[in-house]
Amino acid sequence: TIMLLTKVSTYLALFSAGAAAFAPSLSTRVTSVLDAHGQDDDGGRRAFLASSVITTLVGTGFTPAAHAWRLLPLSGGVDYKAVAGDISSIIKEDPNKGPTLVRLAWHSSGTYDKMSKDGGSGGGTIRFKEELAHGGNAGLGETAVPWMEDVKTKYGDSLSYADLYTLAGVVAIKELGGPTVPWSSGRVDALDPSAVTPDGRLPGADSGPPGADPSDAAHLRTIFNR
């Protein structure tokens with residue numbers, strides 16, 4: 001999990017790109033919904049996770065802004081500050097859920113393909129059993145996806161799964177002691193599993209440690225150069 005989390009910024013940068021592919025009318029307002037929520041860093045594990053995320057963010061040029069963005073709390077009838085607060089409460093109640101919510105957001109975004117211009121976070125397709133069955137998503141159907149159901153039910157159809165899952169990752173990074181990650185609302189959910197991309201767009205969990213086998217390096221190059 002730690003190794004995978006250090007790659008998260010690559011896919012955080014795809015949050016808006018994936019959304020744009022599915023929702024041309026995506027709001028261009030970049031929001032910071034987390035300033036009202038304090039950090040809760042009381043353990044070495046979360047400190048290590050946060051430092052890994054920050055290191056990767058800085059290394060890829062995806063750095064947090066030096067100031068707080070203003071937020072119009074209501075967008076499309078949804079109070080995203082309130083949504084972020086509900087997600088934050090889930091993580092504060094059980095901090096071990098934080099890394100899994102980062103994984104949910106990352107894997108939701110990481111299916112984007114720059115050549116075919118499909119996949120990504122925009123359709124919220126990771127909620128479908130067909131995508132949850134992909135090898136890289138093992139366990140998410142029993143953890144992060146159902147954890148978010150009460151939040152989705154509370155806000156109804158005005159809140160898309162796609163916005164919810166990506167916002168969950170942004171909130172989790174903040175709660176783990178990381179930076180405020182730019183985020184935009186406006187993703188529109190796919191209506192059926194036909195939008196699910198083929199399996200194999202995420203790193204295989206069964207790949208060995210770096211250098212264990214040349215095929216592992218080839219696998220990672222294929223995934224991250226896509």
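**Figure 1. Overall chain of the predicted model.** The model is predicted, and its protein chain contains 11 helices and 2 strands, which follow one another along the sequence in the pattern α-α-α-α-β-β-α-α-α-α-α-α-α. Buried residues account for 47% of the 226 residues in the protein chain.

**Figure 2. Close-up of the packing of helix H6 against helix H10.** Two packed helices are described by the angle between their axes and the distance between the axes. Helix H6, formed by residues 97–109, and helix H10, formed by residues 161–175, pack at an angle of about 140°, and their axes are 8 Å apart. H6 and H10 are therefore oblique to each other, and their crossing is left-handed. On the H6 side the contact involves Gly98, Leu101, Val102, Leu104, Ala105 and Ser109, which meet Tyr165, Thr166, Ala168, Gly169, Ala172 and Ile173 of H10. The residues of this contact between H6 and H10 comprise 8 nonpolar, 4 polar and no charged residues.

**Figure 3. Close-up of the largest nonpolar core.** In soluble globular proteins, nonpolar side chains tend to be buried together. The largest nonpolar core of this model has 31 residues, of which Val83, Ile87, Leu101, Leu104 and Met148 touch the most other members. At least two residues of this core are supplied by each of helix H5 (80–93), H6, helix H8 (144–147), helix H9 (149–155) and H10, and H10 gives the most, with 9 residues. Leu101 and Leu104, listed among the core residues that touch the most other members, also belong to the H6 side of the contact with H10.

**Figure 4. Close-up of the surroundings of Val83.** When residues up to four places away in sequence are not counted, Val83 touches Val78, Val151, Tyr155, Leu159, Leu164 and Leu167. Val83 is also one of the residues that touch the most other members of the largest nonpolar core.

Figure 5. Leaving aside neighbours within four places in sequence, Thr197 is in contact with Thr111, Asp118, Gly119 and His134. The C-alpha atoms of Thr111 and Gly200 are separated by 8.6 Å, although these two residues are 89 residues apart along the chain.

Conventions
Residues are numbered from 1 along each chain as its sequence is written. This is a predicted model: local features need pLDDT of at least 70, side-chain atom pairs count only at pLDDT 80 or more; totals for chains, interfaces and linings use all residues. Side-chain values use heavy atoms; hydrogens and water are left out. Axes are lines fitted to C-alpha atoms, for helices over the stretch in contact, and angles run from 0 to 180 degrees between N-to-C directions. Helices (H or I, at least four residues) and strands (E, at least two) are DSSP runs, numbered from the N terminus. Angles under 35 degrees count as roughly parallel, over 145 as roughly antiparallel, 65 to 115 as roughly perpendicular and the rest as oblique. A crossing is left-handed if the near helix is turned anticlockwise from the far one by less than a right angle, and right-handed if clockwise. Contact means heavy atoms within 4.5 Å. Ala, Val, Leu, Ile, Met, Phe, Trp, Tyr, Cys and Pro count as nonpolar, Asp, Glu, Lys and Arg as charged, and the others, Gly among them, as polar. A nonpolar core is a set of buried Ala, Val, Leu, Ile, Met, Phe, Trp, Tyr and Cys residues joined through side-chain atoms within 4.5 Å. Buried means under 20% relative accessible area, exposed over 50%, partly exposed in between (1.4 Å probe, protein chains only).
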